[in-house]
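Biologist: Hi! Could you walk me through this structure? I'm new to it.
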Amino acid sequence: KRTIRKGFIFVSIGKLVEYNGEEFIRINADEYMRRGDLSLITPSNYQGFLLAEQPQRPFAWVVRKFQPRLTPNGQKNPDAPLLNRYDIVQVYARERAGEYDWYLVGNDQWVEQRNLSIVEVIPPPEGVTGKWIAVNLFEQTMAVYEGERLVYATLVSSGLGAWPTRPGLFQIYSKLESTKMSGAYAADKSDFYYLEDVPWTMYFDQSIALHGAYWHDGYGFRKSHGCVNLSPIDSVWLYEWAELGTSVYVYDPSGQTPTNLPPGGGP
């Protein structure tokens, strides 16, 4: 029926059938692919969490395995537990040492900023009331608010390299439980992607959306063509919570992301 060309290609799978001694998997109505041409994946089971009350201090996810130091940029603390990816810690202090900030997460337990993705409560942007979503491009986190109260937080993956997610204040204008995404932005089409059944998609900046990403487990790091990737579990929670018109505030407190980017991008 068609040729699936080289690129970043993901298809949804249905039943397995045998035909003339070969195994095929149905990918769409009246479309089958050889089982040997497919590599099955398991989506990430990572998820953020609901907050029962307003946090009194910043907190963070560990995004890289790290042994805490006794002092900022100092020796390893042999008595501190090893921090593993997706562990959650509270932040008690911050100090600059060398090129990076260091965060105190326990007694004599200092962690360098590149190993953490931090959430800190911020006030609503001017004119925003009710439900709103904050995407921190520097920390690669999402914080979900009702007024001034933080109700949910998680890690995300926003635009990478030549396709940064554009900072600004936007509103969700379309919600789709499942949709197909494809495109290429490089001149030689080397970045071509084709993704079936992208789940729980909410567009807020032209072709840029918040959506589930079943094809990676790299939350806390930039990975997309501009969209804001969420784990499948986070994406369904956000989809059910958010409404058309809910504000999405995308910002970079480091100032590293240009604020005059043109709209565009993809998943």
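Biologist: Which residue in β9 is the bridge partner of R94?
Modeller: The bridge partner of R94 in β9 is Y103. Before we go on, this is a predicted model, where local features need pLDDT of at least 70, side-chain atom pairs count only at pLDDT 80 or more, and totals for chains, interfaces and linings use all residues. Residues are numbered from 1 along each chain as its sequence is written, and side-chain values use heavy atoms, with hydrogens and water left out.
Biologist: Thanks! How many bridges join β8 and β9?
Modeller: Strand β8 (residues 93–97) and strand β9 (residues 100–106) are paired antiparallel by 5 bridges. Strands here are DSSP runs of E with at least two residues, helices are runs of H or I with at least four, and both are numbered from the N terminus. Two strands pair if DSSP finds at least two bridges between them.
Biologist: And what sits in the turn?
Modeller: β8 and β9 form a hairpin with 2 residues between them, and G98 in that turn has a positive phi of about 70°.
Biologist: Which side chain does R96 meet in a salt bridge?
Modeller: R96 meets D101, at 3.2 Å from N to O. A salt bridge means a side-chain nitrogen of Lys or Arg within 4 Å of a carboxyl oxygen of Asp or Glu.
Biologist: Is D101 buried or exposed?
Modeller: D101 is buried, at 15% relative accessibility, while R96 is exposed at 54%. Buried means under 20% relative accessible area, exposed over 50%, and partly exposed in between, using a 1.4 Å probe and protein chains only.
Biologist: How many salt bridges are there in the whole structure?
Modeller: A search of the whole structure finds 8. Among them, R114 pairs with E112, with the closest N and O atoms 3.0 Å apart. R114 is partly exposed at 43%, and E112 is buried at 7%.
Biologist: What about K131, which residue does it form a salt bridge with?
Modeller: K131 pairs with E243, and their closest N and O atoms are 3.5 Å apart. K131 lies in strand β12 (residues 131–136) and E243 in the loop between α1 (232–241) and β20 (247–251), so the pair ties together parts that are 112 residues apart in sequence. Both count as partly exposed: K131 has 25% relative accessibility and E243 has 46%.
Biologist: Which residues are linked with R2 in a network of salt bridges?
Modeller: R2 is linked with E31 and E196 in such a network.
Biologist: New topic: how many residues of β17 are buried?
Modeller: Of the 13 residues in strand β17 (residues 193–205), 11 are buried, so β17 is largely enclosed by the rest of the structure.
Biologist: Which strands pair with it?
Modeller: Let's go through some. Strand β1 (residues 8–10) runs parallel to β17 with 3 bridges, and I9 has Y194 as its bridge partner there. Strand β16 (residues 174–183) runs antiparallel to β17 with 8 bridges, where M181 partners L195. Strand β18 (residues 208–212) is also joined to β17, antiparallel, by 3 bridges.
Biologist: What is in the turn between β17 and β18?
Modeller: That hairpin has 2 residues between its strands, and Q206 in the turn has a positive phi of about 55°. D205 stands opposite I208 in β18.
Biologist: Last one: what is the order of the open sheet of 3 strands?
Modeller: The order is β2-β3-β4, with antiparallel pairing. β2 (16–19) and β4 (31–34) are at the edges with a single partner strand each, so one side of each has no neighbour in the sheet.
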